[in-house]
Amino acid sequence: RLLVVQPFTTGKESAETIVAADTLGAGVGERVLVVFGRAARHCIGKGHDIGFQTAISAIIDRMELADGRTVGPVSSEDI
């Protein structure tokens with residue numbers, strides 16, 4: 001399945017979107033880690049024989065940002 005994802009930015013919403021292959025089954029609104037190029041093809045598990053350039057490699061449980069804030073898997077769980 002393919003998901004449309006927006007980059008995580010601090011302070012404002014991003015208008016940029018990325019389409020990424022999702023083999024993990026991430027839900028709508030969940031924060032994910034997106035990888036590109038060879039790493040994406042490795043996550044999908046198909047080697048060099050596919051045309052995908054972006055893939056979701058992880059679903060984020062919690063992130064600690066450089067400014068000390070903690071963000072959760074969805075925006076409603078941010079501290």
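**Reading the features**

Tutor: L2 is located in strand β1, which covers residues 2-5. Strands (E, at least two residues) and helices (H or I, at least four residues) are DSSP runs, numbered from the N terminus. This is a predicted model, in which local features need pLDDT of at least 70 and side-chain atom pairs count only at pLDDT 80 or more, whereas totals for chains, interfaces and linings use all residues. Residues are numbered from 1 along each chain as its sequence is written, and side-chain values use heavy atoms, with hydrogens and water left out.

Student: How many helices and strands does the protein chain have, and in what order do the elements run?

Tutor: The protein chain contains one helix and six strands. Read from the N terminus, the order is β-β-β-α-β-β-β.

Student: Is L2 buried or exposed?

Tutor: A residue is called buried under 20% relative accessible area, exposed over 50%, and partly exposed in between (1.4 Å probe, protein chains only). L2 counts as exposed because its relative accessibility is 51%. In the protein chain, which has 79 residues, buried residues make up 30%.

Student: Which residues form a nonpolar surface patch with L2?

Tutor: Patch members have over 30% relative accessible area and no salt bridge; like charges are joined within 9 Å, and nonpolar side chains (Val, Leu, Ile, Met, Phe, Trp, Tyr) within 5 Å. Here L2, V4, V19 and F52 make a nonpolar patch of about 370 Å². Accessible areas come from the Shrake-Rupley method with a 1.4 Å probe, and for residues only the protein chains shown count as cover. The accessible surface of the protein chain as a whole is about 5,500 Å², and carbon and sulfur atoms hold 53% of that surface.

Student: Where do V4 and V5 lie, and is each of them buried or exposed?

Tutor: V4 belongs to strand β1, and V5 is in strand β1 as well. V4 is exposed because its relative accessibility is 62%. V5, by contrast, is buried because its relative accessibility is 12%.

Student: How many salt bridges does the structure hold?

Tutor: Side chains of opposite charge can pair when their charged atoms come close. The term salt bridge applies when a side-chain nitrogen of Lys or Arg is within 4 Å of a carboxyl oxygen of Asp or Glu. There are three salt bridges in the structure. One of them joins D22 and R1, with 3.3 Å between the closest N and O atoms. D22 is in the loop between β2 (18-21) and β3 (32-36) and R1 is in the segment before β1, so this pair ties together parts that are 21 residues apart in sequence. D22 is buried, at 5% relative accessible area, while R1 is exposed, at 57%.

Student: Which residues pair in the other salt bridges?

Tutor: E64 and R62 meet through their side chains at 3.2 Å, N to O. E64 is exposed with a relative accessible area of 59%, and R62 is exposed with 55%. D67 pairs with R69, where the closest N and O atoms are 3.1 Å apart. D67 is exposed with a relative accessible area of 54%, whereas R69 is partly exposed with a relative accessibility of 34%.

Student: Where is R62 placed, and which residues is R62 in contact with?

Tutor: R62 is in the loop between β4 (54-59) and β5 (63-64). Apart from neighbours within four places in sequence, R62 is in contact with T70 and V71. The C-alpha atoms of R62 and G72 are separated by 4.6 Å, although these residues are ten apart along the chain.

Note on methods: Contact means heavy atoms within 4.5 Å.
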